[in-house]
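Hi everyone, thanks for coming. Let me put the structure up, and then we'll walk through a sheet and a ring pair.

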Amino acid sequence: MRKNVLLLETIADEALAVLREHVNVFTGYNEADLKEVLDREDIHAIITRGKGLINEPLMAACPQLQVAARCGVGLDNVDVAAATARKVMVINAPGSNAATIAEHTLALMLMLMRNMYASVAQVKQDNWAWRNQYAGDELNGKTLGILGMGNIGKRVARLGEAFGMEVLYWSKSAGEVPYPFLSMEEVLQRSDVVSLHLPFNKATDRLLGSAQLASMKAGALLINTARGALVDHAALLQALDEKRIGGYAADVLPDEPPVQSRDLVHHPQVIVTPHSGSLTAATYRQICLLTVGNVVAALTGNNPDPNSIFNRHALV
């Protein structure tokens with residue numbers, strides 16, 4: 001019997017074709033469509049990307065559920081605890097976005113350090129004389145502090161080295177990397193650029209608040225391609241307004257699209273991209289294909305990649 005898979009968001013065309021080859025595919029991109037599907041079908045797997053929530057009420061409405069999957073790495077929009085309690089396999093694509101997020105991090109770093117966004121905007125306004133008041137710097141010779149030395153943090157460190165930066169880091173634990181492992185306070189105090197690569201959880205919620213931002217080197221830059229809620233935005237706005245830090249560049253916000261974060265987005269020393277770091281053609285395709293392949297394996301009696309099963313240890 002072919003199993004039924006519910007999509008909460010669109011996925012890459014090639015991944016969709018793979019799904020349709022092996023299972024029945026239903027879409028619930030809005031509440032009305034979702035209700036209609038749930039009323040008439042037994043759902044065996046749910047796939048989301050970054051917005052569709054796989055929460056307890058949705059899982060409760062799918063008593064035959066075997067798999068909850070996200071085409072991505074972070075699982076903020078999947079209730080892992082509820083899934084595990086129901087013996088539902090949680091599948092994601094760990095490590096699949098490391099290269100592209102590292103590239104995006106360096107792009108934001110360069111734009112902020114070299115004041116590139118303002119330069120481009122001024123030239124588009126026919127203001128070539130902007131060069132006479134240009135103020136910017138370079139990464140070469142600066143100290144890069146990385147908070148979170150996982151797959152992405154390691155790639156950012158190597159790219160920083162290639163630009164001539166000295167790399168320091170703090171993480172949950174010391175890793176096998178050729179960089180000094182320091183306390184978070186020391187990293188913040190010594191770094192010209194601080195880049196965040198931590199997961200979001202209770203321990204990291206607003207990890208960088210007033211005290212941490214105040215301890216940063218005067219004029220230092222803060223880069224966030226991890227999760228918006230790692231930073232206390234009220235404290236960040238104050239630090240920017242008081243010119244205690246030189247700028248903030250991010251691909252993530254605590255509210256997306258921004259409502260409460262609008263003041264931050266429009267601050268002259270802030271650059272924000274619309275959570276697009278993983279949306280390059282190559283990575284989007286890869287993430288969707290990896291996730292779909294493992295979901296199909298789980299539903300057809302084959303073995304998914306063990307590393308893709310986030311809650312594998314809790315299910316044994």
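So, here is an open sheet of five strands, in the order 2-1-3-4-5, with parallel pairing; two strands pair if DSSP finds at least two bridges between them. Strands (E, at least two residues) and helices (H or I, at least four) are DSSP runs, numbered from the N terminus. This is a predicted model, where local features need pLDDT of at least 70, side-chain atom pairs count only at pLDDT 80 or more, and totals for chains, interfaces and linings use all residues. Residues are numbered from 1 along each chain as its sequence is written, and side-chain values use heavy atoms, leaving out hydrogens and water.

Which strands stand at the edges? Strand 2 (24-27) and strand 5 (89-91) do, each with a single partner, so one side of each lacks a neighbour in the sheet.

Strand 3 (residues 45-48) and strand 4 (residues 67-70) run parallel, joined by four bridges. Ile46 has Ala68 as its bridge partner in strand 4.

Now the aromatics: rings of Phe, Tyr and Trp (its six-membered ring) pair if their centres lie within 6.5 Å, with planes under 30 degrees apart counted as stacked, over 60 as edge-to-face and the rest as tilted. We get one aromatic pair. Tyr169 and Phe181 have ring centres 5.3 Å apart and planes at 45°, so they are tilted. Tyr169 is buried, at 1% relative accessible area, while Phe181 is partly exposed, at 38%. Buried means under 20%, exposed over 50%, and partly exposed in between (1.4 Å probe, protein chains only).
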